[in-house]
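Please read the points below alongside the coordinates.

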Amino acid sequence: MSYRRSLLRTLLFAVAYTLSCFAGRLTVMDSTNLSLVWPAAGVAVIWFCAQRQARLNWPDAAAFALVTMVVNMATGAPLRLALVFVMANLLQVAVFLLLFQRWRPGLWGTGGTDPMRSPRDLWGLLAAAFTATLSGSTLGPLAIWLLTGEFSWAAAAVWLARNTASVLLLGAVALSVGHAANGYRDRHGDLCGWWRHGLSLLAVTPRRRVAEYVGLAVTTVAAYAAGFGLGHGLPLTFVLIAVTVWAGTRLATPYVALHSLVTASIAVVFTLRGLGPFAAVQDNAARAFLAQLFVALVAVVGLALALGRDERAALLTELAAEKAELAAHREEASRRADLMTTIVDSMADGLAVIADDGRVLLRNPAAERLLGGQVSPDHRMRSSESYGFFHLDGRPVAEAEMAHHRALAGEPVLSQDFLVRNPGIPEGRILRVTADSFAEPGGRRTAVVLFHDVTAERQHRDELAGFAGVVAHDLLNPVTTVEGWSEAAEEALEGVAGVERARDGLARVHRAAGRMRTLINGLLDYTTARDAQVAPALVDLDELVAEITGARVDASIAAGHPRPRFVVDVLPAVHADPVLVRQLLDNLIGNAIKYTAPGVTPALIVTAARAGDRIRISVSDNGIGIPDGQHDAIFGDFHRAHRTAAYAGTGLGLGICKRIVERHGGTIVAADNPGGGSRFTFTLPAAPVLSNIEVEPMVKL
């Protein structure tokens, strides 16, 4: 709000406040300056509520104090009493603003944007008006008593009644009409066309509704004219509550507020004329108090009924909107459920949802087909009963080994293969099972199991593995022939002069054949590590490592290389495939010896420790180490970390190691050895029964 506009509003409110003060003075009933009504109290709170957002507030306070002082002095009050009235009225306005903003902060006039919508707003307005007026009516008469020595309880009661009624009536009108005007200004930029907007609303209002408004207005005027003008002292004012009830239960809240203001004006005018039930009261203070009590009661009844109706209508509208939204959500959920059902039913993979007691809660058609259409009598997923789950080596799957049991126990199952053979699929079917679980609101867990048919895939892979084995075997025959004849040719040319180039060429052929043999053997080992059937058995790692290290020592001595040094800890037994474990350890130990700097004697340390149901084994060396950033990449197929160095290899060795470890359900990682070199750590299943083979604690070779 600009300064100019704020000052203009201050001037307009000052004029309105001045007129309301003089209007109140017109209702003075005796020589004590006791007025019947005081509309200036309501105008004052409207003034400061409307100017709450102004950039400057002191001009409003100054104008308010000046008008109050001038009006009181003009009507015969001395300067010191005029100052008392200024302080009392400022206190009254300040208390109202503070309490009304705190109790109903969302309403228009307190910094919010809402009109009065419920009886709670009315009670907040009434409580703030009463408390603020009580503070003013306490300060004013008390200060007068201190200055003049006279105190009138009747005057204090009249001050409390008339100012409370004034703030209630004018405040309710301002909150209703002011909010509507403010909303129109926000939408259209000004209030110039507000009356045209009102006429347009009247034009679209049903004629019966307009007739009801007009009928209520005519009835109100007639009823009050009869009750106050023709009653001749009869107590007929209670009958006039009927028109207020009519207005409150049927018509708009702003109209009810204006209706209460009009009826209050009629009652005041008749009382001042000496007509009506209140005019019969001889005591002026009692007459003013009763008249204001009637005005306040009429306003409270009408507004309470109207606001209660508005609140009920708003709740019904909100309920209808929530009901419609809920119906839309239900329809959307139904569509999504149908879509999800269609997706699940059309899946090629099987899906089953299993409760923690083993009951199958959901199973799609693919799962039913993959499991041979079998269903247990109690609808529970069991390993052997009805379904027929077996390990790939033919052993029945124990109940605790079932995928959903492991998932419910907190162990996610990732791609484990099982053989399913039952009357529905007597030839058997290999399924790759994945399972996990989730917690339900009640705390129970539910497992989700996926079945993927890998029978054809494994058959095709086995055929490829067999084909690769045959091809590799057939390739090794010509390689052996090349190696043999090249070696024989070298021996035949031994000592013959002038054939150095021929001998060099034969040596190159011999080395190339050796590399070809190494590559073919590596591919065969890789295929074995990936596809060969795992046959777990008790493996004595002490004995196995002793054999491997002994063979490596013999090979190094025979080749004229430095004798490797080994430090081997006491190694526990494991439950794994003996052939694959030998290949795993031989690759790691062989790599550690091969990747040693020239002139350095290889030194290896093999240690082991138990970690739950796993054995963690480490092989540390003093070799050339692993380049930065390649500790994970070295386990990739055909990856060579030292391509430019003079170290032969196919890049399959560590990939073979990783596949062997993973097929046993373990992990393998590479790290730098703190003393220089590398450290490879992997895990294998622990043996259920330890062997009784006696070994030395630390064997040095």
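1. Leaving out residues up to four places away in sequence, S618 touches I605, V606, T607, R679, F680 and T681; contact here means heavy atoms within 4.5 Å. The model is predicted: local features need pLDDT of at least 70, side-chain atom pairs count only at pLDDT 80 or more, and totals for chains, interfaces and linings use all residues. Residues are numbered from 1 along each chain as its sequence is written, and side-chain values use heavy atoms, with hydrogens and water left out.

2. S618 lies in strand β11 (residues 614-620). Strands (E, at least two residues) and helices (H or I, at least four) are DSSP runs numbered from the N terminus. With a relative accessible area of 13%, S618 is buried (under 20%; exposed is over 50%, partly exposed in between; 1.4 Å probe, protein chains only).

3. The side chains of S618 and T681 are joined by a polar contact of 3.1 Å. Such a contact is a pair of N or O atoms within 3.5 Å; within protein, one must be able to donate a hydrogen and the other to accept it, and residues adjacent in sequence count only if both atoms are side-chain atoms.

4. The largest nonpolar core has 71 residues (buried Ala, Val, Leu, Ile, Met, Phe, Trp, Tyr and Cys joined through side-chain atoms within 4.5 Å). Helix α11 (residues 284-346) gives the largest share of this core, twelve residues. A second, separate core of 39 residues includes L604 and V606.

5. Six strands form an open sheet, antiparallel in pairing, in the order β2-β1-β6-β5-β4-β3; strands pair if DSSP finds at least two bridges between them. Its edge strands are β2 (360-363) and β3 (389-390).
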